[in-house]
Amino acid sequence: MFWFRSAACPTLYCRVFQLSRMPLQTVFSIAGRGISQGENGNHALRWDLSPDEIKAHTDNLIHRTKTAYDHIGSLDVETVSVQNTLLTLADAKFNYAASRHVLDFPQFVSPCKEVRSASTEAEKKLAKFDVEISMREDVFHRVIALQKKLQGHLTPEENRFLHRIVTLGKRNGLHLAKEIQEEIKRASKLISELSIEFNRNLNEDTTALVFSERELGGLAESYLNGLERTEDGRYQVTLEYPHYYPLMKRCHIPETRRRMETAFHSRCKEENTAILEQLMELRAKVASLLGFSSHADYVLELNMARNANHVSDFLDKLYTRLKPIGEKERKYLLALKKRECLMKGLAFDGQVNAWDLPYYMNQVEQVKFAVNKDKLIEYFPLHTVTRGLLGIYQELLGLTFTQVPAPNAWHESVDLYAVRDAATGDDIGRFYLDLHPREGKYGHAACFGLQPGCVGPDGERRLAVAAMVANFTKPRKGWPSLLQHHEVETYFHEFGHVMHELCSKTVFSEFSGTQVETDFVEVPSQMLENWVWEEPSLRRMSGHYKDGSPIPDALLSKLIASRVANTGMMNLRQVVLGKVDQTLHTTACADTAQVFATHSESILGIPATPGTNMTASFSHLAGGYDGQYYGYLWSEVYSMDIFFSHFKKEGIMNPKVGRAYRKAILEPGGSVDGMDMLTCFLGREPCEDAFFQCKGLVHPAGKKS
């Protein structure tokens, strides 16, 4: 997932976060408080700011940016030009983006609670300021005047930049009456504040349950060795991913799984349910003021899907296609449960419960595909996976990664890498890897864009900087960090976002990296997940943690064959979440827990656990994916077309295909429409055949399964 600056897990997937040349030294005399000047006009990000410094630098950044906007807004409309308007605005946007992330990113990763709190407050203040500058009517009218004056005399990216500013201005109501603008502004500020609170509540959640060894029956020794012990010798299990998901898949004590699933989907239930209901109401209100029938229609206007009806049709079509296989799989899960209940003398309730689903889906892999997860995990030590992953990305995309010693990051466990073009030696960017859980850290997996890669105010290209944040098991008590295969897949996915951030080559920061349509943003990262299902690449990223020996051929073959295991249920789960998101954002109010329960029961055939509310911890709803969660499935249609039509046919490590992919899909960033990038790379309009093929629903010859 990429984290979007506006305002996962195998079940929810994951996410992405984000956020000229007229001399502005008087306005931005900034190499800037919070960033230090480096070589070639680039900046080394600082992560040692104190809470007081974060506050001071936030105020300073707001003042500097406001000064730049005031300068544009004071121009005589007749005198606007590329130099005093377009480039001044572009430079202001670049400097703002390049300076803010040392202020608002620490809330997700800092080990110091005071710094996290100061960073959260900084984001709240910056989010309110974002609303203020997005509704500068004086700047809006000068951009419109410039657009008219320069019609036909701009480069494509300059034209796209001005068009975007005008479009966003209209979407903020700057063409409407003043009183309506003020109403939109008040609501937008509150939406930003509530979204921040929603995710802070989840990040600061420290819920843990205590179990005896008997209650954790079925879990491997490596798992138990990674748990804290209480004074009476019992085990403390948190709701962090490395604790939660292995337990839900492997523990054969139903009551333990029930307690864990109930706690997991009750996180922040009271406070976040209230916040979500407020967000729904406010979003619907703003959409109505702007003339849209719903918030979903409002956010989708700029996406590939365009409107809620198209999304509904897309999800309904997938549901129809997936329903038969999903029903067949659910009956098989129920049969597995009945058999186990009979064997163990347990009461059989005749249904697959939410706490049963991951457990019996895991059994499908073992029974139908004979994948020994306990054995498999031993071949994916984190250091081996990392070495293989970095090697594959370098070879495929024509890059060179060099680890930076003593990176002075926000935590001692964080690594920093410099990235260069392998052919030219040109410096491209930097990326951080923050891979282990700790208290107060963001609890999912995500890529955070920290500095845009674009042309700076002095005409020199700035280096992009990004961070991958994950929560893989820590090394402990003689055990290295060992990854489940789905965690390897998550690693490849998130690092795909990192490469998108670093490889883009745009003029304007507005289009840098992953700033594409939301339903296109997952295409590059999802496409690269395919490498964890191919034998040659799996060989490169695996080796037994004791002696480096390769995965046995039989085990590897079974793993690759298991890709289609539970494909109906897993993808129907994504349809459920897409439907929940659309339902919540095509109305102004709803019982959020009931919305999820209804869709889960009707589409998946799995009742929600009484007393829980999954939507209260559905962080996508407050992290930039509101009304847009369908994008994971939508993007996958295109990502599979890219993989099967080129990489699968011409070689998954074919450097020629990799370079073409980098040039056509990664380098444009958001400076080109997603559909245009796809047709450029594919040489035709995209199609859905490969998507259904990878789900096991269509054989390569085209015959339906």
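Asn408 lies in the loop between strand 8 (399–403) and strand 9 (415–421); helices (H or I, at least four residues) and strands (E, at least two) are DSSP runs, numbered from the N terminus. Asn408 has a positive phi of about 55° although it is not a glycine. At 53% relative accessibility, Asn408 counts as exposed; exposed means over 50% relative accessible area, buried under 20%, and partly exposed in between (1.4 Å probe, protein chains only).

This is a predicted model, in which local features need pLDDT of at least 70, side-chain atom pairs count only at pLDDT 80 or more, and totals for chains, interfaces and linings use all residues. Residues are numbered from 1 along each chain as its sequence is written, and side-chain values use heavy atoms, with hydrogens and water left out.

**Backbone**

- Most residues other than glycine have a negative phi.
- Cys268 has a positive phi, near 55°, and is not a glycine.
- Cys268 sits in the loop between helix 10 (254–264) and helix 11 (269–289).
- Cys268 is buried, at a relative accessible area of 7%.

**Overall form**

- The protein has 26 helices and 12 strands.
- For 705 residues, a compact globule would have a radius of gyration near 27 Å; the protein has 25 Å, which agrees.
- That radius is taken over C-alpha atoms, and the globule rule is 2.2 Å times the number of residues to the power 0.38.
- Along the principal axes, the C-alpha atoms fill a box of roughly 85 × 60 × 55 Å.
- Of the 705 residues, 61% are buried.
- The accessible surface comes to about 26900 Å², and carbon and sulfur atoms hold 52% of that area.
- Accessible areas come from the Shrake-Rupley method with a 1.4 Å probe; for residues, only the protein chains shown count as cover.

**Charge**

- There are 82 positive and 87 negative side chains, and the centres of the two sets lie 3 Å apart.
- Lys and Arg count as positive and Asp and Glu as negative, while His and the chain ends are not counted.
- Each charge is placed at NZ of Lys, CZ of Arg, CG of Asp or CD of Glu.

**Salt bridges**

- Side chains of opposite charge can pair when their charged atoms come close.
- The structure holds 51 salt bridges, each a side-chain nitrogen of Lys or Arg within 4 Å of a carboxyl oxygen of Asp or Glu.
- One of them joins the side chains of Lys337 and Asp356, at 2.7 Å from N to O.
- Lys337 is in helix 13 (residues 308–344) and Asp356 in the loop between helix 13 and helix 14 (357–368), so this pair ties together parts 19 residues apart in sequence.
- Both Lys337 and Asp356 are buried.
- Glu340 and Lys344 also meet through their side chains in a salt bridge, at 2.8 Å from N to O.
- Glu340 and Lys344 are 4 residues apart in helix 13, so about one helical turn separates them.
- Glu340 is buried at 8% relative accessible area, whereas Lys344 is partly exposed at 40%.
- Arg684 forms a salt bridge with Asp641, and their closest N and O atoms are 2.6 Å apart.
- This pair links distant parts of the chain, 43 residues apart: Arg684 is in the loop between helix 25 (674–682) and helix 26 (689–694), and Asp641 is in helix 23 (residues 631–650).
- Arg684 is partly exposed at 33% relative accessibility, while Asp641 is buried at a relative accessible area of 3%.
- A network of salt bridges links Lys66, Asp70, Arg136 and Asp138.

- Lys373 is in helix 15 (residues 373–376) and counts as buried at 10% relative accessibility.
- The side chain of Lys373 makes a polar contact with the side chain of Asn362 at 3.0 Å.
- A polar contact is a pair of N or O atoms within 3.5 Å; within protein, one must be able to donate a hydrogen and the other to accept it, and residues adjacent in sequence count only if both atoms are side-chain atoms.
- Lys375 is also found in helix 15, and at 35% relative accessibility Lys375 counts as partly exposed.
- Lys375 and His544 are 169 residues apart along the chain, with 9.5 Å between their C-alpha atoms.

**Helix 22**

- Ile603 has its place in helix 22 (residues 592–604) and is buried at 13% relative accessibility.
- Ile603 and Lys579 are 24 residues apart in sequence and 9.6 Å apart in space, C-alpha to C-alpha.
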